[in-house]
Structures are given as C-alpha cells and as structure tokens.
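Hi,

Here is the model I said I would pass on.

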Amino acid sequence: MAIALYNTLTRRVEPLEPMTPGVVRMFVCGPTVYDLAHVGHAKTYTQFDFLARYLRARGFEVTYAQNITDIDDKIIRRAAESGRDPRDLAAEFEDAYRQDMAALGNTSVDVYARALDHIDEIVAQVHALIERGHAYQLDDGWYFDLSTFSGYGKLSRRTEVTEEDSVARIDENDAKRNRGDFALWKARKPGEPFWDTPLGPGRPGWHIEDTAITEALFGPQYDLHGGAVDLIFPHHEAEIAQMEAASGKEPLVRHWVHTGLLRVDGAKMSKSSGNFLTVHDALAMGDYRTLRYAFLSQHYRSSMELSATVLEQARGARRRVENLARQIDRSIEEPTAAIDAAEATWATMIERLDDDLDTSAALAALFEYVREQNRSSHRPGPSAERLLQRVNDVFDTFDLATRTVDDSEIEAALARRTELRKARDFAGADQIRDALTEKGIVIEDTAGGTRWWLADTVVSGG
C-alpha cells in the first residue's frame, strides 16, 4: 500500500502515511448549496471519488466525508432575491447536488455533513478560540485574531488576500485588528436566520463550519483534506489556523490534496461569458462515463479544458476499450502469455497510480494493452475481462455490460459492404453503413479491415 501523493503543505510528493496504518480519514470541501452544481464541481468531486475508490482498491479502510454549506451569505442573498426561506432553498439545491453526484457515478462519500446540523459544535469551537485568546468581539460578531497564530500562511505561503482570490469571502469591518481577520460568528441581522447562543444571537462564519464538522467526525487531527486549488487561500489557511489554535495540536491534516481548475471552451467559466455549464447540462451532452473519462484522463493537479472536442475524444477512447470488451470470449483456455500480459498491465497501472495518482499514465498502459490485443490473432479471454473489470471498479468510465446484438448479422452486413466497395458501388455501401448507424453500430475502416462497436445507446440486434 505504498501510495504517494503531492502534499500542498510541503510542496512534495510524499508517501501517504495515515495516523492509523491502513485507515484513511478523508475530508473534501463540499458545495455551498445556493445554485446548481457546475462542471467545475464535477471535475473536483469526480477526481476525489476516484481517489477514494483507489485507496479502497489498494486495501485502505476509508472514511470519506464532505460538508454541505447550507447556511452562508450566498444562500441568504439568493433566498432574499427569490423571496424564499434560506433553509428551504439550501435543501432544494443540496438534493439537486446529490442527484448530480449520483448521476456522475460519484458514490464514494460516506458522510455528507450539513453545517446546520453542527451549530453546537461550531459554538463550542469558537468558545475554545476565545478561551485561548485567539478571538475577539466586534459589533457584528466574533473574529479570529491572526496576530495570535504564527503559522498562518504555511499552506499557501501567503497571508494577504488579493482581487484574484475568487472565493475569498472576506468579512469587512474597519474595526478589525488585522486586515485578514475573518468572522467566526456573525451577529444577527434583520431578516436573516439566527441561533440564540452564549456567543450572542447569530450564525456561523464560513471557515468555522468545516473545522467544527471535521473535529466532530475525526477529532482535531486527521489524514487527508482535499479541495480545488482555489480554496487553498484563504479558506484552507483559515481552517488550519482555527483548528490548530483551538486544539494546540499540529498538523491539522497530514496530507493536503488539491485539484486543478477547469476552463470551458477556452475561458474561465462564468455566466457572463455564456460558457457556464451545470452538471445537468454536461450530462445532457453524453454518457456520464464520457464526462468521467474526460476528467480522469488528465492528472488531477492539472488545469484542464472542457469542450465538445475533448468530450468527443473521451468518447472515442472509451469505445476502444469497450470494443475490446465486446470481443472477449469467456470460454477459451488462454495461453500463459495472455494471462501474464493482463497481469503485467494491471501492475503497471498500479505503479503509475501509486505515483501521485497519475491517471493519464495508467490509462496509457491500458491502451497499450488494448493495441496489443487488437494486433493478436487470438480473441481476448477471461484475463482481459478481469483486467477491464479491475480498471472499471476504480475508473467507472467504460460500459462493460453484456449487450444483446446479433454479431453474425452485423458481420454479414459488413462483408456485403466490403464487396460493394470493391465493386465501387459506394452508394450501396453507404446505405449499409447508414442502416448500421441507425441501429447504433459504429464502424471504422482501418488498414487491417473494418471494425465495429456499439455506440453509447444500448441497442438490440435483429
């Protein structure tokens, strides 16, 4: 189980060494549920879904938790704009988010923890910070005093917010002791949800929600924290300050893992640019496995582009593997060399994935195996089936389900098409191609002959 991942805290690829050997407690920042999830969320959460799947496949016992920010400035503003109760709005978009994740195949999360279910823990953590001298009160609530925590900036190597920080959510108050001080508890405002507590009537700040939740689930220290790279500062920096200051223990997290951002059609995604894609929009463009493949074919730390071309390339790559799966004959007795080739491919993929989860290199090894099988004069057998199933257990990007098609009828049609092409009756050959296309059969003319496979739509032969 020697897996190494890039650690944002140390700026190195390091072995993953959980506090309890073989047991990984993993937390990933979840959504603020004031709108539909978009494809940037899809990329991040698909890549962390893969990480959890892979850790389990490698023998780790994983507890994967995500928070749901269901009380926040953004939710309150959106609810006010639509004349709704903030809690009802948050519940609606949480449900939509979880449906989107299920539709993407992101099924690895064990615990979805709502901020609204952890108000008592949030209040208790703010009290701990007050008692240790890390918090102070102003007329609009309680703030974290950055001057009391010397470690602020150790994750991001910075301490000041800039205009480029897209998710800063800086709490403005001219009376703050330090410019970067952030709200722990926000005093009640007219028309906003609030809780009566010893801190005064009010509601949580953004950053404190996550550390109160992780302390409740995992204690003051745990193994792995994930999120997109734009959360490093100030959000994750604030989490470190809060929990380490409250507990007196460090590090809060042994391994910080961050994913790269997503661009759509050559630009940063935004509604004003017209390239804003919800998960629902993206899934309408094709099978969920194609979207997963597009994300997982790139290294998780890389920024990536999503476009119609990228999705078409992903679809084509998927089909190469699915076409091999269609050729498998479970009944044949395989030579040792075929079994060894499949095992060697899996071993190579494990080696690549163990090295900072290099999914791109792992898939390259898989496609080399596919190429060799396509060159072989023998049909693939049970060892190929075992390999593809192993791969799909972690990637979930290939449709390996048995389909009901009449292979002999298709092969006969293709043979007739070949004869027509030789006779230069291209119109007749095209008619056969078009008829097969209508049945969901994709054909490809290569130097080695004509190959066919099924499109994403399940069809029946006849």
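Before the sheet, a word on terms: two strands pair if DSSP finds at least two bridges between them, and helices (H or I, at least four residues) and strands (E, at least two) are DSSP runs, numbered from the N terminus. This is a predicted model, where local features need pLDDT of at least 70, side-chain atom pairs count only at pLDDT 80 or more, and totals for chains, interfaces and linings use all residues. Residues are numbered from 1 along each chain as its sequence is written, and side-chain values use heavy atoms, with hydrogens and water left out.

On to the sheet. Five strands make an open sheet with parallel pairing, in the order β5-β4-β3-β10-β11. At the edges sit β5 (111-114) and β11 (253-259), each pairing on one side only. From one strand to the next the twist averages 25° (axes are lines fitted to C-alpha atoms, for helices over the stretch in contact, with angles from 0 to 180 degrees between N-to-C directions). Strand β10 (residues 222-228) pairs with β11 in the parallel sense over 6 bridges, and glycine 226 stands opposite valine 257 in β11.

Helix α5 (residues 206-218) lies across β3 (23-28), β4 (61-68), β5 and β10, at about 160° to β3. Helix α6 (residues 232-247) lies across β3, β10 and β11, and runs at about 160° to β10.

Then the packing. A nonpolar core here is a set of buried Ala, Val, Leu, Ile, Met, Phe, Trp, Tyr and Cys residues joined through side-chain atoms within 4.5 Å, with buried meaning under 20% relative accessible area, exposed over 50% and partly exposed in between (1.4 Å probe, protein chains only). The largest core has 74 residues, and Leu5, Met26 and Leu366 touch the most other members. Helix α1 (residues 39-57) gives the largest share of this core, 9 residues. There is also a second, separate core of 44 residues, including Ala135 and Ile240.

Last, the aromatics. Rings of Phe, Tyr and Trp (its six-membered ring) pair if their centres lie within 6.5 Å; planes under 30 degrees apart count as stacked, over 60 as edge-to-face and the rest as tilted. The whole structure holds 10 such pairs. Phenylalanine 50 and tyrosine 54 are stacked, because their ring centres are 6.3 Å apart and their planes are at 0°. Both lie in helix α1, 4 residues apart, about one turn of the helix. Phenylalanine 50 is buried, at 0% relative accessible area, and tyrosine 54 is buried too, at 1%.

Cheers

Technical notes
Contact means heavy atoms within 4.5 Å.
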